[in-house]
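Subject: Structure handover, with notes on what was found

Dear colleague,

Please find below the structure I promised to pass on to you, and after it my notes. I would be glad if you read them with the coordinates open beside you.

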Amino acid sequence: MSDPNELLTVPRELFVPPVVWVDDPATDGFVSVSRTEDEPRWRALVETDGPVVTQVDDGRTPPGEVGLHPSSSCSQPYLVAAMLDALDVRPGDHVLEIGTGTGWNAALLSELVGEHGHVVSVEVDADLAEQARRRLTRAGHTPLVVTADGTEGHPPHAPYDRVICTASIREIPRTWIEQTRSGGVIVTPWGTDYGDDALTRWEVHEDGSASGHCGTSLAFMRLRNQRRNFLVPTEQQINEAETSTTRRGGRELYEMVTFCQASFTIGLRVPNCYLTVDDLDQDHRAVELHDPRSTSWARASLVRGEHPWTVHQLGPRRLWDEVEAAHHWWSEVGKPPPRQYRLTVSPDGTHTVRLHTPHGEHRWAVTP
Ligand SMILES: C[S@@+](CC[C@H](N)C(=O)[O-])C[C@H]1O[C@@H](n2cnc3c(N)ncnc32)[C@H](O)[C@@H]1O
């Protein structure tokens, strides 16, 4: 990657709002930190190379209360630089950003395109879009900030040379490909339902298709309309669930939940399955699998010193068995890392992932 300091030319503190949110183990949620009340803590968050959560629960939880889900953030500087590096913006480019958030990335893009380029940034949340507009104007940047659903792109200013999405997605909307010029580039966090996402870079072709590959692993919040979902069974349902044990050990479990190990492959082979990992206490970790569509759920309880571990499975799918089988397949074909896979979207919108192994080519159609 290029030197991040060459790309991160706009101070982040101009864009982070005066109230931010931090993970709070005591409440198992997010609590607010106010710049007016605790400037050193606010500043420490802004100056650290980490994401800063700027909104929770789509803005429904006010400061002072406990939030449950981060819904907007100022992304981690290292990843912002990695994404800009992959996007390879040139002076004079026309760029579309989806997910304005604080406006910091839109300001960085405006610097990169220069006075002859143009940036359009789309934000679904009207309040966030308005705040970003104000900060951008104050900082002397003039991108067009549009309040809309970014999955529609922004047709009036198409075609774009570059499209960047700063939320993660499960499928590339056709509109983004249609609004990118042939030879143009789309950069977005992309992933299956299972596990983390990959930073992906796609090139758009003359025939309306796009092809891409995976880079580094990252955890971004999803676009609002492509969010993952999970299932919370009742105690009674769990007590009635099918119970078995798994012979898998700690190393295999680590591979199953880690993106640069098996989790990318598992996500392709076990569709519509969402993974959560919870450290319940120092000696007890719960790995859960959720498929709300078929109301299937599984939990492996990893208790220190109690191997083989207990597995509970509920619903028509045996999600744990599917994940174990996918992990086995990944081991058999030589443990391919995500960067070995090739991604394509055909002109009709079908997403296909390909993997070449010494045993031949494997393909998956990624279904929405
Ligand atoms: C990680 S934040 C973006 C960070 C931002 N680029 C910055 O520099 O601060 C993701 C943003 O995507 C927005 N978002 C989610 N779904 C969206 C959608 N369908 N269309 C447009 N924006 C969306 C969220 O409201 C959130 O502000």
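In helix α9, the buried residues are F259, A262, S263, F264, T265, I266, G267 and L268. These make up 8 of the 11 residues of the helix, which spans residues 259-269, and α9 is therefore largely enclosed by the rest of the structure. Please keep in mind throughout that this is a predicted model.

As for the overall layout, the protein is divided into domain 1 (4-74), domain 2 (77-226) and domain 3 (235-332). I looked at the boundary between domain 1 and domain 2, whose centres, taken over C-alpha atoms, are separated by 22 Å. Across this boundary, 21 residues of domain 1 are in contact with 22 residues of domain 2, and the area buried between domain 1 and domain 2 comes to about 1,900 Å², with carbon and sulfur atoms giving 70% of that area. On the side of domain 1, the residues that lose the most area to domain 2 are L7, L8 and F15, which together account for 38% of what that side buries.

The polar side of this boundary can be described as follows. Between domain 1 and domain 2 there are 5 residue pairs in polar contact, counting pairs in which both residues are at pLDDT 80 or more, and the elements that give two or more residues to the side of domain 1 touching domain 2 are α1 (4-7), β3 (52-56) and β4 (70-74). The largest share of that side, 5 residues, comes from β4.

Which charged pair meets across the boundary? The count between domain 1 and domain 2 is 1 salt bridge, and the side chains of R224 and D58 meet in a salt bridge with an N to O distance of 3.3 Å. D58 also forms a salt bridge with R60, where the closest N and O atoms are 3.8 Å apart, and R60 is exposed, with a relative accessible area of 64%.

The structure holds 27 salt bridges, and I would draw your attention to a few of them. The side chains of D88 and R90 meet in a salt bridge at 2.6 Å, N to O; D88 is partly exposed, with a relative accessible area of 30%, and R90 likewise counts as partly exposed, at 44% relative accessibility.

Another salt bridge joins E130 and R134, with the closest N and O atoms 3.9 Å apart, a value to read against the cut-off of 4 Å for a salt bridge. Both E130 and R134 lie in helix α5 (residues 126-138), where they are 4 residues apart, or about one turn of the helix. An α-helix has 3.6 residues a turn, so residues three or four places apart point the same way. E130 is partly exposed, with a relative accessible area of 33%, and R134 is partly exposed as well, with a relative accessible area of 48%. Elsewhere, salt bridges that share partners join E13, R35, E39, R43 and E47 into one network.

With best regards

How values were computed:
Residues are numbered from 1 along each chain as its sequence is written. Side-chain values use heavy atoms; hydrogens and water are left out. Domain bounds come from an automatic or database domain assignment. Contact means heavy atoms within 4.5 Å. Buried area is the accessible area (1.4 Å probe) that two parts lose on being put together, summed over both. A polar contact is a pair of N or O atoms within 3.5 Å; within protein, one must be able to donate a hydrogen and the other to accept it, and residues adjacent in sequence count only if both atoms are side-chain atoms. Buried means under 20% relative accessible area, exposed over 50%, partly exposed in between (1.4 Å probe, protein chains only).
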